[in-house]
Amino acid sequence: MPSLDDLKKRIKSVKSTQKITKAMKMVAAAKLRKAQERAEKGRPYSEKMQNIILNLTKSVSDPENAPKLLVGNGNDKIYLCVVMTADRGLCGGFNSNICKLAKNFFKKLKQDGKEIKIITVGSKGLDQLKRSYGKNIIKNVNFKDKKDIGFNEAEEVGKIIIDLFHNNEFDKCFLFYNNFKNVITQIPQAQQIIPSENPSEKNDNKDDNFYEFEPDEDEILEDLLPKNISTQVFKAFLENAASEQGSRMTAMDNATRNAGDLVDKLTINYNRSRQASITKELIEIISGAESL
Amino acid sequence: MSEKIEFEIISPDETIIKAEADQVILPAFEGLMTILKNHISLVTFLRPGIIVATIDNKNKNFYVEDGTVEFSENNLLILSSTAKDVNNIKTEEAQKMIANAKQAISKNDIKDKDKYILSYKIDTLQEITQ
C-alpha cells in the first residue's frame, strides 16, 4: 500500500501529464484544420494530372516506344519503396501503420525473390525499418528543419526517384503513405507510381475524344511524366500531413481521457487510505483510553 | 448559346481561378495560342509568359513559368506550379527573378532549350515590371 504522500505525488504527476496531452491535442486540432484544407485544395491538381496522363496513354500510338516512365522498363526485379512517415512521434498508430504495411509488402517481395530498395522520408520510418531492413535502405530524406512542406520539397524527392530510374537502379516504384479520409480514419496505402498505374481500367470507349498535340505526344509525355511523379509525391505529403495531425489529435484525446480516469481512480485510493489512517488513529486512541 | 468556355488554373496548393471566359490567350511552348469556344481538343505545355483571360469583357493576366494545358469539350484546364496573378507580383520580386534568370542564362554549359525558356522568362518579367 503506497503511502499518502506517494499517492499525492502520483496524482500530481498524472495531472500534469494530462495538461500536456490536452495542449498537444489543441495544437494538433489547429494544425489539422490547416493541413486538411491544404490536402483538399491539392487534390484537384493531382487528379487532373492523372486524367491528362490517362488520356495521353490512350492515344499513344505505339506502346513499344512509349516513355519508360509510363510503361516501365519491362523488368520486374528490383522494387523501390518510398516509405513516407512523420518526423515526430506521439501520434498513435500513424507511423507504425505505414511501417507495418511496408513490412508486409517487403516480406511478400522477399518470398517472390525480388530485390528491395528503400527510401525513407521522415525520421520515424527510418527508426522503425532500420532494424530489420537496414541494409536495404539506400537513402533517407527528412524535412525536420522545414516548417512547411511545399511543392519544392516534393520535387526534390521526385528528382531522386527519377534519377535512380534513369540509372536503372530499379524497375518498379511504390509510395507508402497514409490516405486522409477523415479525422478518425486514415488508411495506409501503397501506390505504384512507376510504371504509372491506371487507377481504374475503365474502357469508356470515348474514342471520339481525339486530341491535338503540340508539340507531339512523346515530347509532352516526357515533360509531363516527371512532373506527375513529383505531383504524386506532393499529394502523398499533403495526405500524410493531414493524417499525422488527425491521428495525433485522436491519440492525444484518448490520452487525456485516460489520464482523467487514472486521476479519478487515484483520488479514490487516496481518500480511502486517508480514511483508513484516521480510523486507525481513532481506534488507537479509544483502546488507549479503555485500558486506563 | 453562350460563347464561353470553362476556364480553370490549378496549382498544387490551390485552385487559382475558376471562371467562364470568352477567350484565353496562352503562351504555348511553340507560340502564342488563343482558345475560343469549340476549339479542337488539345494538350500542350507552356513556356514562361502571360495568360490573358477575357472574363466579362475584362482582361485578367496571370504569369506562368511552366504548365500543362488540356482543352476538351470547352473545358480549359491549366496545371501550373508557378502561376500567379500579375497584380500580386511585386516589382522587387520580379527584379530579383530577372537577376536570377540572367545569371542562369549567362552560364556556358546551358542547353538551347533552357536558354529559350529563360529568355522568355526575362522578357515576360521585364514586361511586368514596366
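Strands here are DSSP runs of E at least two residues long, numbered from the N terminus, and I count two of them as paired if DSSP finds at least two bridges between them. I keep in mind throughout that this is a predicted model.

**Entry 1, the hairpin in chain B.** I looked up strand 4 of chain B and found that the bridge partner of A28(B) there is G31(B). Strand 3 (residues 23–28) and strand 4 (residues 31–35) of chain B run antiparallel and are joined by 5 bridges, and I note that these two strands of chain B form a hairpin with 2 residues between them.

**Entry 2, where the chains meet.** I then turned to the contact between the chains, to which chain A gives 22 residues and chain B gives 21 residues. On the side of chain A that touches chain B, the elements giving two or more residues are helix 1 (4–59), strand 6 (212–214) and helix 6 (217–290) of chain A, and helix 1 of chain A gives the most, with 9 residues. I record the residues of this side of chain A as 13 nonpolar, 3 polar and 6 charged.

The domain assignment gives domain 1 (5–85) and domain 2 (89–129) of chain B, with 21 Å between their centres, taken over C-alpha atoms. Their contact takes 7 residues from domain 1 and 6 residues from domain 2 of chain B, and I note that the domain 1 side divides into 3 nonpolar, 1 polar and 3 charged residues.

Conventions:
Residues are numbered from 1 along each chain as its sequence is written. Chains are lettered from A and ligands numbered from 1 in the order in which they are written. This is a predicted model: local features need pLDDT of at least 70, side-chain atom pairs count only at pLDDT 80 or more; totals for chains, interfaces and linings use all residues. Helices (H or I, at least four residues) and strands (E, at least two) are DSSP runs, numbered from the N terminus. Ala, Val, Leu, Ile, Met, Phe, Trp, Tyr, Cys and Pro count as nonpolar, Asp, Glu, Lys and Arg as charged, and the others, Gly among them, as polar. Domain bounds come from an automatic or database domain assignment.
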